Amino acid sequence: MAGRRVHQIRRDLLLAAVREAGRSTRADLARRTGMARMTVDGLVTELLTAGLLAEEAAVPDGTRAGRPARSITLGPAAGGVVGAIVTTQGVRVASADLTGRILTEHRHTGNAPDASAHLDASALLDAPASLDAPALLDAPALLDTLALLVAECATVVEGPVWSVVLGLGADQDPALATGLQQRLGRRVVVRTAAELSLLGEVGYGTAAGHTDVCYLRVGSGITGGLLLGGVLHHGAHGAAGRIGHVQMDEIGPLCRCGNRGCLDTIASAPAILAALGTPHGEPVTARRAVELSRTDEATERILADAGRMIGRVVADLANTVNPALIVLDGPLIEAGGPIVTAVGESLQRYAQPEVTAATSVRAGTLGERAGLLGALWAGLRATPAARGSRTLARVSPTVTTADLAPRGDPAAGSADGLARSGKAGAGGAVDLARPAAGSAAGLATPGERERAVRREILVETLRGLGQATRSDLVKHTRLPRAAVAALLDGLARDGVVERCAADGPRAGRPSPCFRLVAPGELLVGVAIGGDGVRVIATDGTGAVRWSDVRGMSPALDGRAVMRATAEYVLELLDGHGGRPGPGTRFAVSMPAPVHPVAGHLSSRSVLTMFAGFSPAEEISAVLGRPVRVTNNAQLAALAESRRGAARGARDVLFLSCDQYTGAGLVSGGRPHAGAIGYAGEVGHLTVREIGPLCLCGRRGCLSAFLSPGYFAAVSDGGPPDESRLLARAASGDRPARRALLDAGRLIGRTVTALVSVFDPAVVVVGGRFTEPGDFVVDGVREALQRHCAPAVAAALTVVPAALGRDAEALGAIESML
């Protein structure tokens, strides 16, 4: 099995190298992939026989002496992909080869489809796109037309069609995808039109190079897509991005979802155009509205007002999902226009200053064809050549401080290979002839690339075998013996592999045996909080060995807190067997946002004692070992998803309910920190613009309504105190319990935008407010069921946390496993 896996990796790498170069020699391929020339020759022969590669006659070019080398290109049987999208604008279908070159495109708008429309990349963008929605066919006729167009585009592809990707608008019946699969007799990958438009902008448009993106399309409804950490987020129930059904006004117009006052009823294209019809005395088309907004003040104000409503929700998402880029698209969206400008103004007003500074708002650049390009891009990402490119991207060198360009900078590289070298400006052409996936271009020399790829092959082989001798690794990988020995030495120095005893006796001179390094012999999770420092130590499997907690007096110097915490950890280690060893690993939970790459605390943090320094450096200086530091709510969410109330769920929202309410997100089983580490900062979402003053300097934040002073009316007459409120609720005091229930409703109402767009499987409610009972949990559940988008609320589970105050320290442990 391991041998077949390595062989497949090599085939993919070779196809990726040919795809990147366009034309290459065998010697060049050996340098690009880092594989031995004999291995390259064997793979090239195999792929030539299969028709995936082609070899062209040598042509002297005068650049090298001797006999010219024959050129290797993608072969006629390399195949391609088909992308299709169905929206209110009609049906678009196209096919592309593995280089990304569009072979043909068909469009159907309710009349006869364009016959054999063959468009290159430039024509694809320059062709006019209608801003007014045509009438679509009925469902059976639509299915017939779609199946016909997909089949026609597939026939143009020489070789296998690696994937068919279909995008459906919010109003389209999902049964259309099932019917298409049955007609074609093959699997069809289905995504929402908004998700594919997001991928189009990431692959070829204004979002190129970004890994944390929120895409919003203002059309017949307001739909969206999320790219979190370079991964498309679908939500637990496939309902992520339902921003149009975020409730803005409980007594507003009735929405088609059954709720009142949804964003769709206020700021969708039909709502805006209906509002424009009144002052103009006649129906106004989207194209006309854009033109009028440049000269007519009333039109500009109506569009700007819609932008402010959208921006109010966008600001909540910026504070809680923390993307680096917001992309706005749709027939009413214009770069520098009133909607884009108003969204930016709302972001400035309602988002935290650090978040605002790190978040860009842009108009999409691909227009109505963003979804089609995204469908092709998604299909290309599933091909063997793309798999090889992702392998090359994974083996790029570790990011250094010099590489830390702002995440919002379009020039910043993408860590997971999403960056594109070709990018479209407004009205510009997309270079589809370049591979959509990254290619590890950050490796400075062919030698570095060679070593990186060989390291990857060795690690993959050991992962499959469990352990292997050096001689066995030479046989499985067919890498030179000297290279394997040198690479294993380097992997051992980096702590990736370690020597171990062989399984059994062998004849002849024994060969050293290696395996991947297991987690450390002792894992130490540390949680710094308002009640002190909590420490949990486990073995390498995560089984708890011992734990302890110590109160810590408040201090204005956060660095002193870090050093005192580290000294306390050393004291505990001394009491349980000695100082930190080479196998001891540490992770720390912090009650403040931590930059996910740089590891520093913001210089403008709300908690001034935890601002402007690197907590990991302070703690490491005392412990003498590397330390990983992460936000506390993010670690609690991770712990509850793996050990607690949300065990097994891959999309989880954790709410820490107390006077400093925060949240943690787990997306696809991975903690999501956001572009600058601010994901989950729900405590500073605006509840009421003229509300009480908050610690952050603004008025009406959620945390201001949860402070002890706000519960003074149900206290026993003494100074407001959170502990006294919780004690009264635990003893059965009805006003105190009612106050906690109401606090839960307020928290749930405030996070409905996040829940509607993120679409978690489970909302876990923890924090000090849950200690007297489930009053806050019941309030959160009630509010989410009342105010969330129906598709999300129907399948949402809200449960109390199971791990209590140990959640953060256990999350620190889980982050090391």
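Analyst: L655 touches G662, A663, I747, V751, V763, V764, V765, G766 and V780, leaving aside residues up to four places away in sequence. Contact here means heavy atoms within 4.5 Å. This is a predicted model: local features need pLDDT of at least 70, side-chain atom pairs count only at pLDDT 80 or more, and totals for chains, interfaces and linings use all residues. Residues are numbered from 1 along each chain as its sequence is written, and side-chain values use heavy atoms, with hydrogens and water left out.

L655 is among the residues with the most contacts inside the largest nonpolar core, alongside I243, I310, L332 and L784. That core has 83 residues. A nonpolar core is a set of buried Ala, Val, Leu, Ile, Met, Phe, Trp, Tyr and Cys residues joined through side-chain atoms within 4.5 Å. Buried means under 20% relative accessible area, exposed over 50%, partly exposed in between (1.4 Å probe, protein chains only). Helix α11 gives the most to this core, with eight residues. Helices (H or I, at least four residues) and strands (E, at least two) are DSSP runs, numbered from the N terminus. The core draws at least three residues from each of domain 3 (206-364) and domain 6 (645-801); these bounds come from an automatic or database domain assignment.

Helix α11 (297-320) also packs against buried residues of α9. Those buried residues are A269, A271, I272, L273, L276 and G277. Their other partners are β8 (213-218), α8 (264-267), α10 (286-292) and α12 (338-350). Just after α9, G281 takes a positive phi of about 70°.
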